[in-house]
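User: Hi! Could you walk me through how the strands and helices are arranged in this one?

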Amino acid sequence: MKIGVHPNNLHLRLARLWPGAFADLQPIFVSYAEGRDTAALLESGDIDLGGTGSTPPIEADTRGLGVEYIAAPAPRPANGAIFVRRDSSIGSVAELKGRRISLIDGSFHTYLLARSLEGEGLSLPDVERVESGARDALADLLEGRVDAWVAMSPRLEKALERDDVRLIVRCGAAIPNRSLFWTLQRNGLSATETRAIVSELSRIGSEIAADPRAAARLLASGDRGGSGDRGGTDIDAWEKVVRSRDFTVFPIDDEIIAEQQEEADTLLRHGHFAKPIVLKRPETTR
């Protein structure tokens with residue numbers, strides 16, 4: 001099984017380094033740059049399984065690719081936030097109207113921003129979204145090229161320790177922010193394979209929770225296959241990240257699909273999607 005690994009999915013990033021991970025599935029771990037590439041790699045057959053935030057699989061479904069959800073960890077309320085400069089006149093999300101916001105557009109950043117704006121009677125077209133990509137988004141914020149920055153782990157934890165930026169909203173106040181493990185129906189994973197994936201993700205998650213220091217050590221050492229932390233995060237900082245999230249994994253159920261449907265409907269309201277989609281419940285997915 002070809003399992004995709006990108007830097008921002010810590011569960012699969014650690015699985016690549018974890019002893020015996022997915023052994024029964026004869027894994028081939030395939031490195032790639034970022035979660036938004038997952039759908040294209042699944043479509044081309046370069047990977048059989050990917051893990052991303054909540055938005056990329058919805059993006060894939062809007063393209064008619066036929067997403068099959070497999071599993072999801074617990075929500076990650078601490079993994080996303082919106083920052084402004086300490087000396088900014090922006091005091092709340094309501095004051096983001098007309099401002100330039102740095103984010104990875106088409107990731108959970110878009111949903112976090114949309115829900116945060118919606119709570120103040122605003123929508124995505126009320127702000128200017130600036131794609132951060134591989135740019136140094138923190139430098140863009142501090143040097144005034146953008147007015148706000150949507151951040152995630154591990155840079156988020158570093159930002160919280162700085163005195164030149166200020167937090168205006170935390171992820172858990174706006175969205176569940178789960179990771180999703182998914183494939184495409186066309187890839188034809190069997191029921192046996194999907195059960196094995198859920199079982200292995202759960203086992204690895206339990207072992208990470210039991211020894212977060214070991215997980216932090218692996219993340220800090222970097223993945224020679226290309227998924228290492230480009231920000232140079234040390235072991236202590238990674239341990240804070242690992243301890244801040246719940247690595248428990250659940251098979252896909254109606255509650256998780258309902259969360260995804262709510263996100264799809266929200267992004268449609270904000271004009272991010274051009275047409276509605278109806279996500280399939282687990283019993284009708286295959």
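Predicted model: local features only at pLDDT ≥ 70, side-chain atom pairs only at ≥ 80, totals over all residues.

User: Great. What is the strand order in the open sheet of 5 strands?

Analyst: The order is E7-E6-E8-E5-E9, and the pairing is mixed. From one strand to the next, the twist averages 30°.

User: Which strands stand at the edges?

Analyst: Those are E7 (128-131) and E9 (165-170); each has a single partner strand, so one side of each has no neighbour in the sheet.

User: And in which sense do E5 and E8 pair, parallel or antiparallel?

Analyst: Antiparallel, with 4 bridges between E5 (residues 80-85) and E8 (residues 148-152). Ile82 stands opposite Val150 in E8.

User: Which helix lies across E5?

Analyst: That's H4 (residues 108-118), running at about 70° to E5. H4 also lies across E6, E7, E8 and E9.

User: Nice. At what angle do H8 and H9 pack?

Analyst: About 125°, with the axes of H8 (residues 212-221) and H9 (residues 235-243) 8 Å apart. That angle makes H8 oblique to H9, and the crossing is right-handed.

User: Which residues make the contact?

Analyst: Among them are Pro212, Ala216 and Leu219 of H8, and Ile235, Trp238 and Val242 of H9. The contact residues divide into 8 nonpolar, no polar and 5 charged.

Methods:
Residues numbered from 1 in each chain as written. Heavy atoms only, no water. Axes fitted to C-alpha atoms, helices over the stretch in contact; angles between N-to-C directions. Helix = DSSP H or I, 4+ residues; strand = E, 2+ residues; numbered from the N terminus. Parallel < 35°, antiparallel > 145°, perpendicular 65-115°, else oblique. Left-handed = near helix turned anticlockwise from the far one by under 90°. Contact = heavy atoms within 4.5 Å. Nonpolar A, V, L, I, M, F, W, Y, C, P; charged D, E, K, R; others polar. Pairing = 2+ DSSP bridges.
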